[in-house]
Amino acid sequence: MDYKDLANLIFPDAKPISYYEEKYAKRNLKEGAIVTRFAPSPTGFVHLGSLYQVAIAKKLAKQTDGVLFLRIEDTDQKREVENGVIGIIKSLEDFGLTPDEGMIDEVNEKGDYGPYKQSLRKDIYQAYAKHLLEQGKAYPCFATTEELEEMREKQEKAKIRPGYYGVWAKYRNLSVEEAAEKIKNGEEYIVRLKSPGNEEKRIKHHDLIKGNVDFPENDQDIVIIKADGLPTYHFAHAVDDHLMQTTHVIRGDEWLSSIPIHLQLFQMLEFKAPKYAHIAPIMKEDDGGKRKLSKRKDPEAAVSYYTDEGIPKEAVIEYLLNIANSNFESWRKANPNASLDDFELQISKMSVSGALFDIVKILDISKTVISKYTAEQIYDEAMKWAKVYDKELEQMLENKEYALKVFGIERGNAKPRKDISKWSDVKANIIYMYDDKFDGIDEKYDYQKVQDKETIEKIVKLYIEKYYNENDDKQTWFDKIKDLAEEIGYAREVKEWKKEPEKWPGHVGDVSTVLRVALTRRSNTPDMYEIMQVLGKDSIKARFEKALKAL
RNA sequence: GGCCCCUUGGUCAAGUGGUUAAGACAUCGCCCUUUCACGGCGGAGACAUGGGUUCGAGUCCCGUAGGGGUCACCA
């Protein structure tokens, strides 16, 4: 009896690997095209860090006319979540990062290198495991969980390196006959790699981001096929990325320390190893220290947070590119209106250590992004968001013609307003432009500098009775407020007042603030002339009367 | 604990042995402005630490401290 017989006993039905090697055609891509992947577990949850990876992967694939595919790593059936795949695909779509091939919903996929769901590739992994068994590069291990635990305790007590290696690899040197005997007796087993590594020797690795690193060789006999017949991550990674012809593995740097295992696996399978880029995680400040953004503790770790808040996807991606390549910033400055697709990402410029997540910065980017939108775009996006998250806002926006006027205030000019950083800001920003909402809210009027009722009353009354004319153009309107200021003994010009402030009780700015507050109950609004144009005569009069009554 | 990686203003960061150590966000001040926002100008603010190497160190080497990652039949 030899290795071949043992392999046949373990995986009697597995096909020879030549079947798979021939089944998948070589990808027809131009020189230098990057084939990469996003390979999540189907938990439905997409972490900001994952989005970061995908954004980078997608960009690199696109830049090189390569391919990004989505592979679902569902080899841990305990972690299975219902509709997890859909959740991931939906999130990617929300951010404009739909992969070129791979799963497209829970069961369907596109692309010629599938299945793209690992649980459906069981026979493939077993074929390659069999191939290793045939060569004596892998072996069945009969150690029970208890046995392994006991071993670990012993190792820890003796302060030696824990694990299944060297003399501790109890079943490594079992004869083929002994192993076959146990299998025939129905003993449970898993398949381990017979590691040729030596802890004393070093293995060199050049990482696209981390640079040159070296590690001790792997000498652990890692599990490649689990008791349920499915592969471990390591084994699946080697087999899949070989067959799917991945050229670049872009993943979180928590994987960096698995490099010795992965390189060894590729070598033993006689596969060409892909290039690796290990991305530093996005961190969060915590008690003065840093830690990874946490799914449990930080709402902003979930990409759904950004859709919920109404932060536009371009803003999120732009922020991530900002972290990824520091030259992005100067590129953006030079090309303020260019599409993100035009930015060339350089993986070698990525930071080696993790950046602290900065919500203030992302909102700043978002503000700028939104400021470039047209009123129509703002309307569409705000409406889309409102339909899901804010019924009241949706109802406010139903009158599209009016809403467009409101969003059009001070928009489209050279220095657009930057007052909306997310769709969830919209309501608070425009609510005073809606008469029914304005009447419904029982807030106080705060007239800022002018506080005595008589003056306020005088300003408002004079304005409605004498100065206001809905047909005035902006200059006339403006001059009339100056006239009003003069009439009540205030300075016409702020500059003059500043020169001799003791000469007047206040200036035209104070007067218009009174009007502004009477009109909107706010001291900070966009251009008052435009607001008045949108509100219209009736509303303006009603508002001034209401303000007078409230005095 | 072993192994691996990292450390420049509050934050993101440029930096490849000689720089007045960029820039952005945040912050403060001034200007513009009838408010706010925008914009413009300016201020404050950093090479973790101790040794080396060198004419010269943020940059190279060693140590220390701090931070992060990883050590599963999870990915």
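User: How many bridges join β5 to strand β6?

Analyst: In this predicted model, four bridges connect β5 with β6 (residues 190-193), and the two strands run antiparallel. One residue pair to look at is Tyr139, whose bridge partner in β6 is Arg192.

User: What is the order of the strands in the open sheet?

Analyst: The sheet has three strands, in the order β5-β6-β9, with antiparallel pairing. β5 (138-141) and β9 (223-225) are at the edges with a single partner strand each, so one side of each has no neighbour in the sheet. From one strand to the next, the twist averages 45 degrees.

User: Which way do β1 and β2 run, parallel or antiparallel?

Analyst: Strands β1 and β2 (residues 67-70) run parallel and are joined by four bridges. Val35 has Val67 in β2 as its bridge partner. Between the two strands the chain passes through helix α3 (residues 48-63), and this β-α-β crossover is right-handed.

User: How are two packed helices described?

Analyst: Two packed helices are described by the angle between their axes and the distance between the axes. Here, the axes of α5 (residues 122-134) and α8 (residues 233-243) come within 10 Å and cross at roughly 105 degrees. Angles of 65 to 115 degrees count as roughly perpendicular, and α5 and α8 are therefore roughly perpendicular to each other.

User: Which residues meet there?

Analyst: Residues of α5 including Tyr125, Tyr128 and Leu132 meet residues of α8, among them Phe235, Val239 and Asp240. The residues of this contact divide into nine nonpolar, one polar and one charged.

Conventions
Residues numbered from 1 in each chain as written. Chains lettered and ligands numbered in written order. Predicted model: local features only at pLDDT ≥ 70, side-chain atom pairs only at ≥ 80, totals over all residues. Heavy atoms only, no water. Axes fitted to C-alpha atoms, helices over the stretch in contact; angles between N-to-C directions. Parallel < 35°, antiparallel > 145°, perpendicular 65-115°, else oblique. Contact = heavy atoms within 4.5 Å. Nonpolar A, V, L, I, M, F, W, Y, C, P; charged D, E, K, R; others polar. Pairing = 2+ DSSP bridges. Right-handed = clockwise from strand over helix to strand, strands pointing away.
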